[in-house]
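Work through the following exercises with the model at hand. Each task is followed by a solution in steps.

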Amino acid sequence: MSKTSKVERAKVYKDHRVQLFLSKFVSGELSELTPVYDPKYGYKYPVVEAIVGEVSITEEFLRRLFEVGVLKRKLYDKIVYCPHCNSANVSVHYCCPHCKSFDIRKSSLIEHVPCGYIDTEEHFQIKGKLTCPRCHKELTKPDVNYRKAGVWCTCNECDKSFDIPVSSHFCRECHQIFRFEESIYKDAYSYSLNQNVMQETGLGLFLIAPIREFLQGRGFEVESPGFIKGKSGASHMFDIRVSRRDGSRNITVIDLAATTDGVVSEQPVIAMFAKVFDVNPYRACLIAVPKMCESGKKLAALYKIKLIEAKDQKGALKALKALIG
Ligand SMILES: [Zn+2]
Ligand SMILES: [Zn+2]
Ligand SMILES: [Zn+2]
């Protein structure tokens with residue numbers, strides 16, 4: 001993973017839709033996202049559509065997550081679309097290579113092993129039995145005294161025979177015929193979560209969505225990320241900005257600091273203090289997952305930053321409830 005994509009990933013993690021989507025993997029609701037076939041549109045991802053709200057941006061949403069390394073993908077299927085109307089409701093026509101008609105008969109070639117005679121199956125069909133037209137012996141044991149020697153096609157239009165037909169496509173929606181060269185030929189993927197995502201984000205990322213829902217349910221205005229302009233004129237970003245709908249200036253800012261190392265360092269406390277000093281919100285809260293180091297605790301008390309330590313979603317929400325009241 002390059003450093004650039006790490007920066008890019010940090011950006012996409014801020015997207016509320018990404019958080020909702022990834023939390024489905026984390027909760028175990030989803031282990032692999034596989035496309036669902038729709039005869040008209042080809043493959044769709046209903047789970048993602050429900051989150052992003054629009055079919056047209058679903059693919060772009062998934063491609064972005066793949067490109068920055070959040071998701072892994074696996075080729076699931078290939079799909080042919082009509083170049084005239086974009087429908088995936090397309091059938092394959094196997095055609096005569098001579099006159100291009102799709103009105104062809106498919107049969108098998110049979111070889112009578114003892115005498116070496118080869119012909120199409122219909123020539124061996126005599127009075128409901130398979131009989132050799134050359135030596136008139138009955139064919140009884142497949143793979144012993146006779147065998148299938150391949151496919152043989154005959155064109156009903158021009159009467160010519162051939163072994164390999166050429167393919168073309170028929171659009172069942174607009175009824176146009178088109179060749180592979182003209183078709184829109186696309187990949188369909190299944191997606192799963194890259195393992196590094198959990199390490200990179202800890203639990204922090206997956207707290208934003210439930211916290212937001214919890215606060216909104218209590219009548220608060222919630223923005224994530226939330227921006228506030230400070231006395232210095234600089235704009236500061238907090239993971240969550242909470243305000244009252246009545247427009248009063250009682251703004252609460254919340255930052256999340258998560259680690260997989262066991263203890264969060266004092267660094268996020270210092271970083272938050274620099275912003276809080278400039279912005280002067282009603283209340284500042286730092287959620288440390290799972291625990292804050294001792295010096296971080298002392299600094300938070302000194303800077304009047306409410307510290308919440310939580311092992312999981314439930315713990316964080318419970319503490320937040322007590323804080324907000
Ligand atoms: Zn033909
Ligand atoms: Zn024979
Ligand atoms: Zn079409």
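Helices (H or I, at least four residues) and strands (E, at least two) are here DSSP runs, numbered from the N terminus. The model is a predicted one, in which local features need pLDDT of at least 70 and side-chain atom pairs count only at pLDDT 80 or more, while totals for chains, interfaces and linings use all residues. Residues are numbered from 1 along each chain as its sequence is written, and chains are lettered from A and ligands numbered from 1 in the order in which they are written.

**Exercise 1.** Describe the overall build of the chain.

*Solution.* Begin with the inventory, which comes to ten helices and 20 strands. The chain has a radius of gyration of 33 Å, well over the 20 Å that the rule gives for 325 residues, so it is more spread out than a compact globule. The C-alpha trace spans about 105 × 40 × 35 Å along its principal axes. Finally, turn to the domains, whose bounds come from an automatic or database domain assignment: domain 1 covers 3–85 + 183–199, domain 2 covers 97–164 and domain 3 covers 202–324. Between domain 2 and domain 3, the C-alpha centres are 78 Å apart.

**Exercise 2.** Is Val52 buried or exposed, or does it fall in between?

*Solution.* First locate Val52, which belongs to helix α3 (residues 46–52). Then apply the criterion: a residue is buried if 20 or more other C-beta atoms lie within 10 Å of its own, exposed if 12 or fewer, and partly exposed in between, with C-beta atoms placed from the backbone. Val52 has 19 C-beta neighbours inside 10 Å and therefore counts as partly exposed. Last, list its contacts (C-beta atoms, placed from the backbone, within 7 Å): leaving aside neighbours within four places in sequence, Val52 is in contact with Arg17, Ile57, Thr58 and Phe61.

Notes: Rg over C-alpha atoms; globule rule 2.2 N^0.38 Å. Contact = placed C-beta atoms within 7 Å.
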